[in-house]
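Subject: Structure handover

Hi,

Here is the structure I promised to pass on. Please look it over, then read my notes below.

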Amino acid sequence: MIILGVGITVLAVLGVGIIVAKKVDGDSENFLVAGRRLGVPLVAVSLTAAAVDANATVGNTDLTADFGFWSGASLAIGLAICLLLAGLFLARPLNAMRLYTLGDFFRVRYGRGTEVTASIIMSFAFTILLAGNLVACGFLMERFANIPYAWGIVLVAALVVAYTIAGGLFSDAYTAAIQTTITVVAALALLGWTALTFGIVIPEGKGPLDLGQLTDPAQGAAINWATLVALGIGDLVAIDFMQRIFGARSPEVARRSCFTAAALTAGIGTIFALVALTASAVLGLTAADGPVLYQLLDGWAPPLISILVLSGIVAASFSTASGAILATSAVIVRNIFKLRRTTIQGARDPLLTWTRLAMIPIVVVGGFVAINVSQTGVLLTLAFDLMLACLAAPFIAGVFWRRPGRVATLVSAALGLVVRLTLLVLQPTIYGVPNDILYVPNDLVTSDLDGWVTLIAFGVSLAAFFLISWLSPRTEAELADELAAIESLHAEQAEAPSGRAEVPVPA
């Protein structure tokens, strides 16, 4: 019964995604940014569906049950902070630039070499993010449908890529309306059932008001702050979030959508954390026996609640995976291989064709990582560790500060990447769990530095960026390159098939 209910949800999402694919109409602008026609409801729910993924639900409950509220809820709260900051500072100017991908920003602001470097880093990080969502779905298929973990990942990946290839951001946005509705109803139903059945029970020292989790390193404060910073700031360089912001029909729509999504994300994440605390205190559930949320739904919750919650998890994972696949393939094709949109009558749009084709290898790599590294929360946070260490400073500062040039960006990205990957290899634990991704036994780095390594890598990158920006500002040649890139972007938009006038890209 449970798997039937989840299956119906999956078919509904798949059907809607394919039906709205006709809106693409052979144009990569429709495919990548939904023709820049999305209003607040669709942008807000698509941002929420991207944020409230398997990591913010399944990963959240695992970490909360074992280590406390701030260990798990920080996954969702960090993403909510990111959306809040995006709404306050970035959504309006970035939507006004009328970009197709986040890689376009790095080309316009810093030049071609920086565009390629940033795009490679973003593509790598988002393949890891894709893997994190496939992990949760693989466990779900294994536990509730008796499908082997690896084959469950293959099945889910095939379904997601099917409707993403068909409709791009249009499919993502319209299916997100279903996905977010299911997730909100499921969260409220789960909270209500938990409160009525067990009460909301907070283990001593693990609750949201037990601030030792944010002040005492022995209670995981460094790890919790690292999570909040990595997601709250590092996720600003999220290519899937920005793809949705670019698809908003106006800067004001983009801004308001971010605020709505931030509130929904924080609320849903808090609900799942409170449920996990109760399950830990009353039922003794821990992540050692498998995902805590799946244990609760399989052994204790009524079938209807289980169907709702599992459908919400699958729907949220589908949305995040879809956005990651779309944005990553677009960045690879457009910003690494330099294919551009064409509007010649009767000609096939190469950007559309190759973006669709590029989705296949991305899904294969993401599935391979998911099969070999079955950690949801760790994969999410590690992905944005890399974004934080390499690209957060050049991206955020570059929107408002005209002085930094490509030298500052490339040096800070290189230093951040080297420091973060070096510490990854040396640290025995990642966010409280054993480092089974890539660890070389050593006596230099201990688990006491867990969490701090995120902040250290970001600090090195940030310091290098500001120091080099101050000592070596960008040149006149770089300014000329920026103007040329803006003109090129404007020319690409000038002859839209719809015939509507395009707003000029601001210099």
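A salt bridge here is a side-chain nitrogen of Lys or Arg within 4 Å of a carboxyl oxygen of Asp or Glu. The whole structure holds 17 of them.

Some ground rules. This is a predicted model, in which local features need pLDDT of at least 70, side-chain atom pairs count only at pLDDT 80 or more, and totals for chains, interfaces and linings use all residues. Residues are numbered from 1 along each chain as its sequence is written, and side-chain values use heavy atoms, leaving out hydrogens and water.

Start with D104. Its side chain meets that of R107 in a salt bridge (3.0 Å, N to O). D104 also pairs with R334 (2.9 Å, N to O). (Helices are DSSP runs of H or I, at least four residues, numbered from the N terminus.) D104 is buried, at 0% relative accessibility; buried means under 20% relative accessible area, exposed over 50%, partly exposed in between, with a 1.4 Å probe and protein chains only. R334 is also buried, at 0%. A network of salt bridges links D104, R107, R112, E115, R334 and E492.

E492 is one of the buried residues of α20. On the other side of α20, E476, E487 and A491 are exposed.

Now a contrast. D349 is buried yet has no salt bridge. The nearest side chain of opposite charge, R341, is 4.7 Å away. (Lys and Arg count as positive, Asp and Glu as negative; His and the chain ends are not counted.)

Best wishes

Terms used: Helices (H or I, at least four residues) and strands (E, at least two) are DSSP runs, numbered from the N terminus.
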